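Hi everyone, thanks for making time for this.

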Amino acid sequence: MAKSNFDVKELLSKMTLQEKIGQLIQLNAVFFGQTTAEITGPAERWKLATKEVYNMGSVLNFHGAEEMKRIQDDYMAKNRHGIPLVFMMDVIHGYKTIFPIPLALGASFDPELVKECTRMAAKEASAAGVQLTFTPMVDYARDARWGRVLETCGEDPMLNGIMGAAQVEAFQGDDISDHNNLATCVKHFAAYGGAEAGRDYNTVEISERLLREYYLPAYKACIDAGTKMVMPSFNSLNGVPSVANKWLMNDVLRKEWGFDGVVISDYNAVGELVKHGIAADMKEAAKLALEGGCDIEMMSISYYEHIPALIEEGIITEEQIDASVLKVLEFKKELGLFEDPYHGADEEKAAALCLSPEHREIVRRAAEQCAVLLKNNGVLPFSKDIKTIALIGPFADNNQIRGFWACDGKDEDCVTIADGIKALLPDVKVIVERGCSEKIDELDKSGFKAAVKAAKKADAVVLCLGEFQKYAGEGNSRIDIGLTGVQQELANEVLAVNDNASVVLFNGRPLALVELDEKAPAILDMFFPGTEGGNAVARLLFGDANPCGKVTMSFPKAVGQCPIYYNHPMTGRPKTKPENEHQGYASSYIGCGNLPLYPFGHGLSYSNFVYESLELDTDTLMADGEINVKITVKNDSNVAGKEVVQLYMRDLVASTVRPIQSLIGFEKIDLAAGETKTVTFKVTEPMLRFYDANCNFISEPGEFTISTGHADNLLLTKSFVLK
């Protein structure tokens with residue numbers, strides 16, 4: 001679109017103080033009813049005059065282009081200046097056509113796949129009236145108890161940043177006024193994923209060095225990619241809630257990183273400053289949030305109620321408010337809303353795009369490439385010559401596999417495993433037995449007998465297990481992260497009568513699966529795969545697709561290992577005995593090894609990839625030089641496949657304790673049957689930098705190792721020296 005010449009500064013000069021403040025308030029769509037009576041109810045509960053609703057600046061939680069247009073038309077007719085609203089929504093892993101949850105997307109190690117899915121979502125959402133998405137969520141996470149790990153890419157800061165930046169670029173494109181694009185809001189700044197005990201919204205207490213090295217890099221990557229908005233996190237960070245944290249929001253975000261876009265609070269986060277106990281009342285909450293640099297207050301109205309008094313008392317200035325309002329108006333101008341307040345929203349276009357064959361094909365491919373084959377004793381892929389297959393478990397014919405934050409996606413639009421296999425193999429007899437529930441408190445075993453009977457009769461068995469999709473997501477922390485209910489007992493009985501069996505998992509977090517791993521011949525983790533999950537499962541189980549996903553968040557052996565992560569620092573008393581043996585006076589568990597069940601970077605394939613060599617063109621790295629690292633991989637099988645070649649670094653001696661491994665590069669390659677490829681990485685001095693005890697970002701001369709494989713199974717290693 002042509003750039004607008006609209007003068008937002010002139011508009012600002014004509015606005016009253018209350019009109020300005022209104023631009024800094026975001027309300028749910030319910031406040032903008034179709035009739036005065038519908039508006040009056042919510043407005044009265046918040047002590048707003050109905051007419052004041054027409055000062056507010058943005059909307060969330062609306063449903064589709066028709067509602068968006070109705071609200072926008074009504075608002076602009078009654079707003080004195082005809083200022084358009086901005087419509088925002090959580091488009092996390094698809095709008096209507098749902099692709100795998102972000103934790104699964106991370107497992108693809110494929111930024112281009114992420115961009116393809118994101119562009120698809122942007123087209124659907126924009127046509128449906130969305131103008132900004134509260135995405136990407138790049139919170140670094142180490143604790144699988146936390147329900148929101150499903151929205152992250154896991155436990156590596158570099159991977160989180162790469163995937164987050166890919167989403168920003170794909171959603172926004174070159175021009176956010178383009179009707180196929182959305183603006184983005186990176187969240188949750190900062191360290192939301194460090195919640196103590198994995199309990200959502202809980203406090204975070206970490207050092208500045210740890211914060212800078214692990215938690216902040218992904219947010220910075222998204223800001224460098226051009227995100228238009230930032231959302232502070234709910235949690236307190238070192239005693240101060242993020243929305244009021246002056247050091248975090250002003251010193252780091254604004255001054256150090258140079259972010260000049262809009263900051264928006266999370267849902268009622270300003271109001272929750274009172275519950276945190278750092279504000280005595282809503283007036284003080286408004287003061288603290290404003291001083292913390294928060295421009296827009298979401299779903300509370302402390303700004304609207306108290307800014308005039310704060311200005312009158314000299315606590316804040318109208319110039320401060322003008323600066324925030326100007327950012328909001330400039331954002332609306334950049335979106336092109338003063339020329340087209342609908343931003344291209346079109347009901348017919350949305351209907352044609354959403355769940356179209358083209359979009360379903362994209363999310364099916366994504367589900368296939370995000371799946372992780374955790375274990376395979378040779379039973380997969382199943383032969384298509386089988387006559388009977390038994391699908392057993394609570395997810396056998398269950399369409400609740402889209403996952404949390406699925407926007408406008410519906411369960412009824414999701415393809416089940418049963419439907420997927422029937423479509424792929426119409427001549428195979430499919431027996432479906434639920435066996436038990438996926439709910440934690442539903443322990444009925446009356447379905448076991450029929451399930452075992454079906455397993456005995458079948459040529460192959462698929463155990464469809466996992467966790468209920470509402471157990472993973474915001475507010476859904478779990479104290480026990482094993483299979484829920486009596487699913488493990490069902491699996492034990494079924495696997496005892498038929499060993500030509502595979503488990504298919506549906507989950508929003510890493511699960512503790514030691515017993516299942518011991519007994520199941522194969523385990524295929526689909527996470528929550530979205531709309532085309534069942535078709536993707538069928539193609540993976542029968543070899544039409546080849547698994548290539550890799551674990552990006554460690555699967556613990558037991559919940560007591562949490563938080564567990566591959567890039568942990570060395571201890572002065574490391575365990576040196578075998579994994580299954582406890583070691584006294586060492587950093588060691590009794591009754592459980594230290595390592596995860598499935599580590600970061602783990603993921604099997606139907607191909608057999610052999611790492612033949614790792615070569616460095618020099619064993620000395622100068623500060624202004626580089627090392628070329630060549631890794632040669634052969635597909636020693638008759639099955640074409642994709643492999644994620646991973647590059648790890650370790651700093652052997654440094655002034656602060658360093659992690660035992662750090663991922664510094666990866667590349668996903670296609671290898672035909674029998675093909676050999678060489679992947680080249682360049683290692684430079686900046687890749688070796690870290691934060692020292694005084695939070696200086698430095699590198700130090702000394703010896704380093706370079707390795708390939710995955711985190712707890714490094715296949716090849718070489719050394720070099722940084723001069």
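Predicted model: local features only at pLDDT ≥ 70, side-chain atom pairs only at ≥ 80, totals over all residues.

Let's start with the sheet. How many strands does this open sheet have, and in what order do they come? There are five, arranged β18-β26-β25-β20-β21, and their pairing is mixed. At the edges stand β18, residues 620-621, and β21, residues 662-671; each has a single partner strand, so one side of each is left without a neighbour in the sheet. If sheets are new to you, the strands of a sheet pair through backbone hydrogen bonds, either parallel or antiparallel.

Which sense does the pairing of β18 and β26 have? These two strands pair in the parallel sense, over two bridges, with β26 covering residues 713-722.

Next, the empty spaces. Rolling a probe the size of a water molecule over the atoms shows where empty space is left. Searching the whole structure turns up three cavities of 30 Å³ or more.

The largest cavity holds about 90 Å³ of space. Its lining is made of 13 residues, and those nearest the centre are Pro102, Cys153, Met163, Gly164 and Gln167. Where does the largest share of that lining come from? It comes from α7, with four residues. Both α7, at 157-172, and α5, at 102-107, supply at least two lining residues each. Sorted by class, the lining has nine nonpolar residues, three polar ones and one charged one.

Among the lining residues are Met649, Arg650 and Asp651, along with Phe690 and Phe704. This lining divides into five nonpolar, one polar and three charged residues.

Last stop: a pair of helices. Two packed helices are described by the angle between their axes and the distance between the axes. For α8, residues 208-215, and α10, residues 246-256, the angle is about 50 degrees and the axes are 14 Å apart. The two helices, α8 and α10, are therefore oblique to each other. As for the hand, their crossing is right-handed.

That's my tour, so over to you for questions!

Technical notes
Residues numbered from 1 in each chain as written. Heavy atoms only, no water. 1 Å grid on protein atoms, 1.4 Å probe; cavity = no way out; pocket = protein on both sides within 12 Å on 5 of 7 lines; lining within 4 Å. Points joined across faces, edges and corners; volume = space filled by probe spheres on them. Nonpolar A, V, L, I, M, F, W, Y, C, P; charged D, E, K, R; others polar. Pairing = 2+ DSSP bridges. Axes fitted to C-alpha atoms, helices over the stretch in contact; angles between N-to-C directions. Parallel < 35°, antiparallel > 145°, perpendicular 65-115°, else oblique. Left-handed = near helix turned anticlockwise from the far one by under 90°.
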